[in-house]
Amino acid sequence: MSTACVGAFRGNGSRHKCGGKEKLHCAQPEYDELWLRYRHKNTQENFNSIQIISTVEDHPTQLIAIEEELVAGLSAILDRKIAVVDANFPSNPQTLKINIGPDLANLILNSTNEEAFHLSPGGITANAPSGALYGAFEFLSYLQQGKQLPESYVSEPATKLRIWELWDALDGQGSRQYAGDSLLWPMALFNDAQPPPRTDLYLNTCNKSDPFQTWIGKTFTDETSSSTILNQGANLCLVSVSGDPVQVGPCETDARAEWFFNFTNNTIAISKPSLPESARGIGACLDLNGGAGPDIDMYNCHDASNHDFIYQKWSFDLIDSTISPVFDDEVRKDLGCLSIENISPWNRNGVSPWNGHYKKRIADLLRLLKSSGMNAMSLQDVNACGIGTQALESEFIKNITENLFPLFEKYAITPFYTLCFGAPAQIDGGTVSGDPLDPITEAWWSNKMSEIYEGMPNLGGVLIKADSEGNVGPATFNRTQADGANMLGRVMEKHGGLVLWRAFVYGDGIGEEDLARQATDTFAPLDGLFNDNVIIQIKNGPYDFQIREPLQPLIGALKNTNIMMEVQASQEYTGQQIHAVSLPQMWEHYLAFDTQWEKNGASTVAKLISGTVAGGTQAWGGGMACVSNVGNMGNWTGNIIAASNTYGFGKLAWNPVEAKSVNIIESWAARTFERDFNDSLIVQMVELVQSTWQIYEHYWGPLGVGFVIAQNNPFGCAPATNRSNGLGPGGEPCKPIPQKGGGRGAGNDHYWADPCSSYDFANYSAFGMGCDRSVGGRGSSMVELYSPGVQKLYNNFDTTPQDLLLFFHNVGWDQILVDEKGDGTKKTLLQLIEDRSVAAVAKLTDTI
């Protein structure tokens, strides 16, 4: 591997190479700069200063952001100091001019869009500071890639909203977080001068002088006794009130718990639970979550036959009074010691985030998002009930808005609040029902949103997941999705805000049918009933971000409702950022798909989600959303190739019709690996990255079967269309694959392959596998949800694309197929799946 790639893959560190001589911008960064690496390049440009002339009085901090970016970038790339010339002073031929204002841009841009910009060798022109900041990043990207600056280049987004959606919980964990912990939470909940108390149990680097790692309990010295366990630093005792993570509380109240240290098997178990409520009862053990933690949870004590038993073994050091994990009968202090913290110690390198550190990194995240073409970010997990409702409490609203408003304003990124639809009843259940047709509920939301807008006037709107996976929604009150969305729409209309209402609904009283049908069956009958500021946010596929699935038929079926498409950079089902899988090529595939609701290619997905001004169909402006893949690891995304998904989403969302993934990956690679765009390394890198989607698909999710992981779902292929009650080829029973992990983070939930437990999705039998979704077939007739032209394509076994064959048809193991992705020979279904998997693994091995 080239030295340019050293340190570029999975890990916590960052890579930074300065070259042979002292450079102006050569300090070792605390974390990777990803594609915003500004290094010296041999270029013909000879700028020595910049000058910003703006006739726009709004957003003064955005002008500062433009100045800072251009000075830093040009200084490093040109290896010289760049001066800033006052707008009232005369410039010189070596001054880069930035003109901002409709009066300055009118003749050049021929557009009033505040995000549009114009580039030329001598300057940047835009209607507003936001557009000029996009232009600054694009200008610098030409220099980074060794490209000649264009004589005249105009760029204007085809979509109004390009939103990066954090799925980070307020406690700092992420439901689909594979690159460390949250960059934002819980820090933004608190005033920097008043961080939260240390109450949570984590595994941290051992430090015997740290009193928060020192423990006292009779149970550690008397093998027959149970006792409380006191933490000396906090002067509090372990309680069993919370199990994720375990916490400490007062030793003098009934809330204290008693514990028993088993000298034989090294477990620490509850012998007397906390009162009046305990997360676990007698017999629950302290557990190193997922074998890595760092959070310490409580689970039922396992016996030696359970793989997770090894995560419940501990050692007490009689000299240091510290507690460390035990693996293979060896005390592992190198893995850490139990410590009481106020935040997860993962990837924080001993630095307190409340010293301003997290705000600097959030600012750099916003720079990265802006530079790729995005313009919005939602703030927390879509599963926003429970702890998530803290964001709606007055004390925390004040802190959140004071902490975040200046950052988002500076980089012209619009924040969106993520809401729990059931919050009114959860917070004020005695007085507010939460029923969307109850005027008291609407008044509650109106007051709450007014409070948020007072501190965050740049709020773009709200994001809601309702009636899905346990989240309360309007169906709870026997109301429609339109009833719920429109109630919030009326509330947000007063502030000019949008309601992003996710279409991912299933179960919870929504229906018992095939998961692939439920969104369309729920929303299509409501077409035209949603308010103008309500946007239905629709996943790209009808399942759940699988490596290959067809288009979600709701995209195209809603002809009189505002829509946008949602994709996922977080690799929940595509390798969890342990596997290097670049996804822009997949997203491009969906965008190019013709739904055939209109003639002559007028209803491709790209056009259906683009604004009418750009030739699309969305009068509201159109948009795309992407589930975040960033965390607080030093490389941001778990491995450096995963960053191509962050970058790629922004570039595709800017212009879904015209953007090409191969060009996007080329610019990402050149900017990331500090080479010219036509360098041989970049050519090879583009080829490698563009191959990863199909490689992963072939060894993990064949022919559109989906969910080849340790998960089942009664709505997977309902009704089941198998023919022999779950037996496999030749009538053999499926042999389960032992699972590992079990905690949070990469390599756990939704990661390990186990086709046996995904029976309702794979629908395997002695006959074959796959779901019969054809019209009039044995299953759900889901194909009928598409346009007549697409129905004709998918309903026929012979015309169904081979990559989706098992999604739409139940196919016999001995069915003869042509290997369209291999050598073109005829093979049985079973042989085709096996050969593709073997070939994919071999190609991956050769690549490495």
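Which two residues form a disulfide with their sulfur atoms 2.1 Å apart? In this predicted model, local features need pLDDT of at least 70 and side-chain atom pairs count only at pLDDT 80 or more, whereas totals for chains, interfaces and linings use all residues. Residues are numbered from 1 along each chain as its sequence is written, and side-chain values use heavy atoms, with hydrogens and water left out.

The residues in question are Cys237 and Cys251. A disulfide is here a pair of cysteine sulfur atoms within 2.5 Å, and a search of the whole structure finds four such links. The link of Cys237 and Cys251 is right-handed, with 100° about the S-S bond. Helices (H or I, at least four residues) and strands (E, at least two) are DSSP runs, numbered from the N terminus. Both Cys237 and Cys251 are buried; buried denotes under 20% relative accessible area, exposed over 50%, and partly exposed the range in between (1.4 Å probe, protein chains only).

A further disulfide connects Cys285 with Cys301, with an S to S distance of 1.8 Å. Its torsion about the S-S bond is about 100°, so the link of Cys285 and Cys301 is right-handed. Since Cys285 lies in strand 15 (residues 284–288) and Cys301 in the loop between strand 16 (296–300) and strand 17, the pair ties together parts that are 16 residues apart in sequence. Cys285 is buried, with a relative accessible area of 0%, whereas Cys301 is partly exposed at 32%.

Cys206 and Cys337 are also joined by a disulfide (S to S 2.0 Å). This link of Cys206 and Cys337 is right-handed, with 95° about the S-S bond. Distant parts of the chain are linked by the pair: Cys206 is in the loop between strand 8 (200–204) and strand 9 (215–216), and Cys337 is in strand 20 (residues 337–341), 131 residues apart. The relative accessible area of Cys206 is 27%, making this residue partly exposed, while that of Cys337 is 1%, which is buried.

Strand 17 is joined to strand 18 (residues 323–327) by three bridges, and Phe316 has Ile323 in strand 18 as its bridge partner.

Notes: Two strands pair if DSSP finds at least two bridges between them.
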